[in-house]
Amino acid sequence: MVADGAGRTPEGTTGRAAEPRQTWAALPWLVRSAVVWSACLVVVVAALYLLGKIAVLLAPLAIALAATVFLTALLDPVQLALRRLRLPASLAALLTVLLLLGVLFGVGALVWNLTASQFSELSQELSQGLQRTREFVTSTLPVNDQQLDRLLDQVRQGLGQGTVDPVSGARTAAEVLGSALLALVLLFFLLKDGRSMWRWVLSRMTGPNRSVTAEAGRVGWRTLGAYSRGTMMIAAIDAIGIGLALVLLRVPLAFPLALITFFGGFIPIIGATVAGAVAVLVALAAKGPVTALLVLAAVIAVQQIEGNLLEPLIMKRQVRLHPAVILVAVTAGTLIAGIAGAFVSVPITAVVWRVIDTVQRHRGRPAPDAEAAPPAPA
């Protein structure tokens with residue numbers, strides 16, 4: 001056998017190259033499966049983390065895009081109804097956007113007229129409720145005032161509370177205004193040309209990937225639309241139910257508390273819990289512990305009726321997620337992007353799950369005729 005310049009034979013080189021393969025093949029299948037799945041999990045988590053960091057760096061753009069997609073899914077039935085009246089696509093999209101602005105400004109003006117003078121009172125009632133809670137904790141638990149103060153200071157530092165910077169506040173206000181204007185413009189174009197854009201994307205695909213992408217996109221869009229409309233209906237029902245309970249118990253600031261409950265309903269589980277805690281604190285400060293307990297009972301009853309009776313009727317089965325998945329998604333979204341992340345984490349999770357499920361179920365089906373897809377716009 002002739003050796004090469006380094007003194008290695010071809011057989012020896014082949015043998016050493018095959019050693020890692022032999023070692024891998026000698027491992028138990030359970031170990032190999034664990035290694036492969038762990039590597040895939042690390043790659044997926046790293047990709048999600050990177051996307052989250054990019055979204056945080058481009059926060060105004062990311063928020064505008066998320067709001068645009070959410071509003072488009074919510075208002076798409078309105079735009080389709082206008083199109084059935086034989087209106088042009090641009091006019092139907094414009095009327096839909098104007099309808100949204102009219103509703104927002106109308107509700108905003110009504111809320112401001114009814115609650116502008118009450119939000120300062122709400123802050124005072126919350127402070128009194130927290131003080132009563134503090135007295136209850138220090139009198140019943142083995143915790144003194146100094147320990148409680150240190151705990152509250154740690155919570156404030158964790159939440160990032162500090163002195164207000166006027167320059168930072170002005171910059172934040174400008175970013176919010178710019179994001180809102182960008183979202184409105186993008187909303188108009190998505191309502192007007194969204195389906196044409198999607199057909200253009202599908203026209204660039206060939207073979208089975210085209211049918212899989214078309215079905216996954218259709219299912220994902222329906223899931224987002226059902227989630228957005230269902231979440232708004234459930235949040236409104238929660239707000240009406242808890243607001244009526246506050247009015248019957250004669251708790252002050254019932255309308256602002258109902259409004260907080262409505263917005264909290266867009267963050268599943270956590271938002272409703274926080275809104276209920278605020279209502280209980282106000283009732284404790286204004287009416288005492290008996291009324292606070294009655295408010296707590298009303299909040300629990302409304303949430304149980306909503307979770308066990310109304311949500312299965314309003315939300316379609318394919319949209320619903322397990323509470324454990326919702327908690328993990330909301331927590332991850334909050335850690336990555338704060339309140340905005342908490343709002344968008346659950347719909348993103350629902351859409352991604354439905355898309356993955358559709359792709360998996362599509363495997364093994366015979367590929368449909370590619371010509372059945374609509375052609376690209378001219």
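Start by selecting Asp 357 and Arg 361: the two form a salt bridge, with their closest N and O atoms 3.0 Å apart. A salt bridge here is a side-chain nitrogen of Lys or Arg within 4 Å of a carboxyl oxygen of Asp or Glu. You are looking at a predicted model, in which local features need pLDDT of at least 70 and side-chain atom pairs count only at pLDDT 80 or more, while totals for chains, interfaces and linings use all residues. Residues are numbered from 1 along each chain as its sequence is written, and side-chain values use heavy atoms, with hydrogens and water left out.

Now show helix α12 (residues 323-362). Asp 357 and Arg 361 are 4 residues apart in this helix, so about one helical turn separates them. Helices are DSSP runs (H or I, at least four residues), and they are numbered from the N terminus. An α-helix has 3.6 residues a turn, so residues three or four places apart point the same way.

Shared partners join Arg 354, Asp 357 and Arg 361 into one salt-bridge network. Which members are buried and which partly exposed? Asp 357 is buried at 18% relative accessible area, Arg 354 is buried at 14%, and Arg 361 is partly exposed at 37%. Buried means under 20% relative accessible area, exposed over 50%, and partly exposed in between (1.4 Å probe, protein chains only).

The structure holds 4 salt bridges. For another of them, select Lys 192 and Asp 193, whose closest N and O atoms are 3.1 Å apart. Lys 192 is partly exposed at 29%, and Asp 193 is partly exposed at 23%.

Next, move to Thr 96 in helix α4 (residues 89-115). Thr 96 is buried, with a relative accessible area of 1%. What does Thr 96 touch? Leaving out residues up to four places away in sequence, the list is Leu 75, Val 78, Gln 79, Leu 82 and Leu 191. Contact means heavy atoms within 4.5 Å.

For a view of the surface, select Val 44, Leu 48, Leu 50, Leu 51, Ile 54, Leu 57, Leu 58, Leu 61, Leu 65 and Leu 182, which make a nonpolar patch of about 940 Å². Such patches use residues with over 30% relative accessible area and no salt bridge, with nonpolar side chains (Val, Leu, Ile, Met, Phe, Trp, Tyr) joined within 5 Å. Helix α2 (29-57) and helix α3 each supply at least two patch residues, and α2 gives the most, with 6. Leu 182 lies in helix α7 (residues 166-203) and is partly exposed at 33%.

Then trace helix α8 (residues 208-248). Its 41 residues should span 60 Å at 1.5 Å a residue, and the end C-alpha atoms are 60 Å apart, which agrees. That expected span is 1.5 Å times one less than the number of residues. Just after α8, find Arg 250, which takes a positive phi of about 60 degrees.

Finish by colouring by pLDDT, the predictor's confidence in each residue, from 0 to 100. The protein's mean is 78, and 77% of its residues reach 70 or more. Confidence is highest in helix α3 (residues 59-84), at a mean of 88, and lowest in helix α6 (residues 145-159), at 61. Residues 158-164 fall below 50, and this stretch has 1 contact beyond near neighbours in sequence. Where pLDDT is low, the predicted coordinates should not be read in detail.

Definitions and conventions:
Patch = residues over 30% accessible without salt bridge, like charges linked within 9 Å, V, L, I, M, F, W, Y side chains within 5 Å. Areas by Shrake-Rupley, 256 points an atom, 1.4 Å probe, with all protein chains shown as cover.
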